[in-house]
Amino acid sequence: QARGHIHAIEDVLATHRMNLEDANHQWALDATKPSTCWTCKSPDVPRMMKQMGGPDKFYSAKFVDLKNEITHPIGCYDCHEANTMKLHITRPALLEAMQRRDPKFDINKVSHQEMRSLVCAQCHVEYYFKGKGNYLTFPWDKGLTPEKMEEYFDENQADEKSFADFTNAVSKTRVVKIRHPDYELYSTGIHAYRNVACADCHMPYRTEGGVKFTDHHLQSPLHSIATSCAVCHRWSEEEIRTRVESIQDKVREARNRAEEVLSKAHLDVAAAMEAGAKDDELEPIRQQIRHAQLKWDYIAASNGMGFHSPAESLRILAGAVDLAGKARLDCARVLAQHGVVQPIEYPDISTKQKAQAFVKQFVTGKPPKLLSAH
């Protein structure tokens, strides 16, 4: 279970993604990480952006250099004006993305109800660090679906060609790492269609002493079904919970199937490389895997296990299964052309530890044999 906004600073400082381990097994902040990683963690960020001369200066600085300046976890100012408590946008990446899609977009003309989702969309979205300056960018120029993001990332851009976050060590596929496209997925669901905002479910209204206010616990609606769900859905709490979990179970099943075929697609390419296949033979297959993984990750990285838009989640996962399956079929043809027609002996990667140990062999340049029996 997520620990919540109040732990944002301590968690980002502690995660291994931001730290390096020395020879004595001591951890220290990685001096190469950009300040962009601070962006969604603190109300100190807008102040530092202004003080440093703009978001570009902020993003291009080093994360470790701002450790003593950014000390307050996510708080009131991230979403509210200090004097009026009016909802406002404090992170430029959201406004920049909106204005690239629609140059006439004016945040001042957005309704209060829409703002109750847009303040969340400042951070609960897919993003990447663009260019050498690590400029925080939402890949929304063509649309919010994974297919439109594929188009965006595959296009030649000013300072990068066919953007990738990393190259998969097993298959050498250039992969886009999707973060948490919660707002994008929510936008395709029934709640968005009915103009139900993020805050309606995750920050439901409460009344105490005759005063109506929003609950700022920022948690799963399943922790407050009576005020989050039952306002509209007039069923028992047990029935609502069962319905939600039933939807999530189905999405998880589809996600697991996508993971299975996708992981084997990566292994098939590794086997083809072992058999002597060249990059020009494997590039179309890697492109299919790249797109399949982006689709799978679009759902896997989203919060709510697909509940924000169940039909769309299953559609996207079906696309991931289809593309990964096509990649495996094409890879089988390549293997046959290189004389391999027997089934590949897949490794045991049933646990995280086993999977990491297996992948580490590829990372260190000593890949295991997948075709040893042939």
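**Exercise 1. How many aromatic pairs does a search of the whole structure find?**

Solution. Start with the ground rules: this is a predicted model, where local features need pLDDT of at least 70 and side-chain atom pairs count only at pLDDT 80 or more, while totals for chains, interfaces and linings use all residues. Residues are numbered from 1 along each chain as its sequence is written, and side-chain values use heavy atoms, with hydrogens and water left out.

Next, the criterion: rings of Phe, Tyr and Trp (its six-membered ring) pair if their centres lie within 6.5 Å; planes under 30 degrees apart are stacked, over 60 edge-to-face, and the rest tilted. The search turns up 13 aromatic pairs. One of them joins Phe138 and Trp140, a tilted pair with 5.2 Å centre to centre and 50 degrees between the planes. Tyr152 and Phe153 make an edge-to-face pair, at 5.4 Å and 80 degrees.

**Exercise 2. Find charges sitting over rings.**

Solution. Apply the test: NZ of Lys or CZ of Arg must be within 6 Å of the ring centre and within 35 degrees of the ring normal. Arg179 passes over the face of Tyr127, at 5.0 Å from the ring centre.

**Exercise 3. Is Ile178 buried or exposed, and which residues does it touch?**

Solution. First place it: Ile178 lies in the loop between β6 (174-175) and α7 (182-186); helices (H or I, at least four residues) and strands (E, at least two) are DSSP runs, numbered from the N terminus. Ile178 counts as buried because its relative accessible area is 0%. Now list contacts (heavy atoms within 4.5 Å). Leaving aside residues up to four places away in sequence, Ile178 touches Glu126, Leu294, Asp297, Tyr298 and Ala301. As for Ile299, 121 residues apart from Ile178 along the chain, the two C-alpha atoms are separated by 9.0 Å.

**Exercise 4. Check the span of helix α14 (residues 352-363).**

Solution. The expected span is 1.5 Å times one less than the number of residues. For the twelve residues of α14 that gives 16 Å, and the end C-alpha atoms are 16 Å apart, so the two agree. After α14 comes Gly365, with a positive phi near 80 degrees.

Definitions and conventions
Buried means under 20% relative accessible area, exposed over 50%, partly exposed in between (1.4 Å probe, protein chains only).
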